[in-house]
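Trainee: Could you walk me through this model? I have the sequence and the coordinates open.

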Amino acid sequence: MRGGPWFALVAQELRLAARHPGDSLAAVLFFVLVAALFPFGSGPAPEALARSAPGALVASALLAALLPLDRLFGADAEDGTLDQLLLSGLSPAALAGAKAAAHFLTTGPPLLLATPVAAAMLQLPTAAWPAALAALGLSSAFLSLLGTAGAALTLGARRGGALLPLLVLPLAIPAVIFGAAAIEAATAGLPARPMLLLLGALVAAALPLAPLAAGAALREG
Amino acid sequence: MLEARDLACLRGERAVFAGVSFRLAPGAALLLTGANGAGKSSLLRLLAGLLRPAAGALLWEGADALADRAEHARRLRFLSPQDALKPALTPRESLAFAARLHGGGGAPDAALDALGLLPLAELPVRLLSTGQRRRLALARLALAPAPLWLLDEPTLGLDAASVSRLGGLLARHREGGGAVVAATHLPLPLPGAAELRL
């Protein structure tokens, strides 16, 4: 992996995201709105809400992070940029890794900024907010990696946009389990660290595997 | 420098072409002609290493060119029918990115000047016309030298003045020992080019 072109690609993706702030904003608003739906379903009673809050928080964040994935490679494939990227001398896996990093950098921090809003609507005790931020940060990194592989695999497929969540969400179940468990532990006053470490292990496993899978899919595409 | 031996290409279950062979010396140019769907673009993508040949071999200086595809990619510049431009960026930013992507070589402003785009350097690409976008895509070729240029319909949407600018660019590239393979339906400023009819 050569450093220069890799960072150039990440910087380019960030610049494009800055020119189209609506895309990141849409993901954040989607996150807040999905989180806001849960109180309507389970009733406004604080104890009922607080019980479902951890799962609701992680699930809505993952759904929101899924939104921009559809165009991750699609836009580049349509306008010819993907050919130029594949011919830049970067390996396809490094290229996918740069895309995943850019997706995480453009969706992760905005989601974290909106987490207090969603957490407050779900009546999550403030003592659990640090754990919630850590859990959402790690699980959105996990989804960025998985989603990049999913986006590369569904590239060029008819109805790829509908196929992508079907492919990615089942694989994201472990992130929901450990993420919600970490937040729940913090709510109950227990240490969230073990669950966060497990979540970190998921990210560490996906870090090399997902770009490799995505790279192989791009090469054959 | 580049040699194709009995290349064949499959798209889906259909054979697009088979038995394509040619040799390209430094400074040479090869025009790919043929009806729509004859496989001109597929052959260019195959030469770039973006497609895998169904049969045959592609050799660079006598060795398998596609053994190390990253290495092969660094030898060439590929101009696709799409311009590979982002509407939100300016021409200068687009070229600066292309230069960094190919390892930092080349000055964006000199490349813009070569295609007469310097006055438009700070305008977002979304405001450029079709021909201006094509010129910006061509300006990538002027960034840093690469021995092999693969051009898919390079003059699409260009006016006469821009075609002659491209002619100058192509002539300098060939004088420096570079080779060109171009797919086209229109006459190109490539004197002495061999023609391969697909």
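Mentor: Take chain B, where strand 7 (residues 148–152) and strand 8 pair in the parallel sense over five bridges, two strands counting as paired if DSSP finds at least two bridges between them. This is a predicted model, in which local features need pLDDT of at least 70 and side-chain atom pairs count only at pLDDT 80 or more, while totals for chains, interfaces and linings use all residues. Residues are numbered from 1 along each chain as its sequence is written, and chains are lettered from A and ligands numbered from 1 in the order in which they are written.

Trainee: What is the bridge partner of B:L150 in strand 8 of chain B?

Mentor: B:L150 has B:V181 as its bridge partner there, and the chain crosses from strand 7 of chain B to strand 8 of chain B through helix 6 (residues 160–175) in a right-handed β-α-β crossover.

Trainee: And which sense does strand 3 of chain B take with strand 8 of chain B?

Mentor: Strand 3 (residues 29–33) of chain B pairs with strand 8 of chain B in the parallel sense over four bridges, with B:V180 as the partner of B:A29.

Trainee: Are the residues of strand 8 of chain B buried or exposed?

Mentor: Five of the five residues (179–183) are buried, so strand 8 of chain B is largely enclosed by the rest of the structure; buried means that 20 or more other C-beta atoms lie within 10 Å of a residue's own, with C-beta atoms placed from the backbone. B:A179, B:V181 and B:A183 cover one side, and B:V180 and B:A182 the other.

Definitions and conventions:
Buried ≥ 20, exposed ≤ 12 C-beta atoms within 10 Å, placed from the backbone. Helix = DSSP H or I, 4+ residues; strand = E, 2+ residues; numbered from the N terminus. Right-handed = clockwise from strand over helix to strand, strands pointing away.
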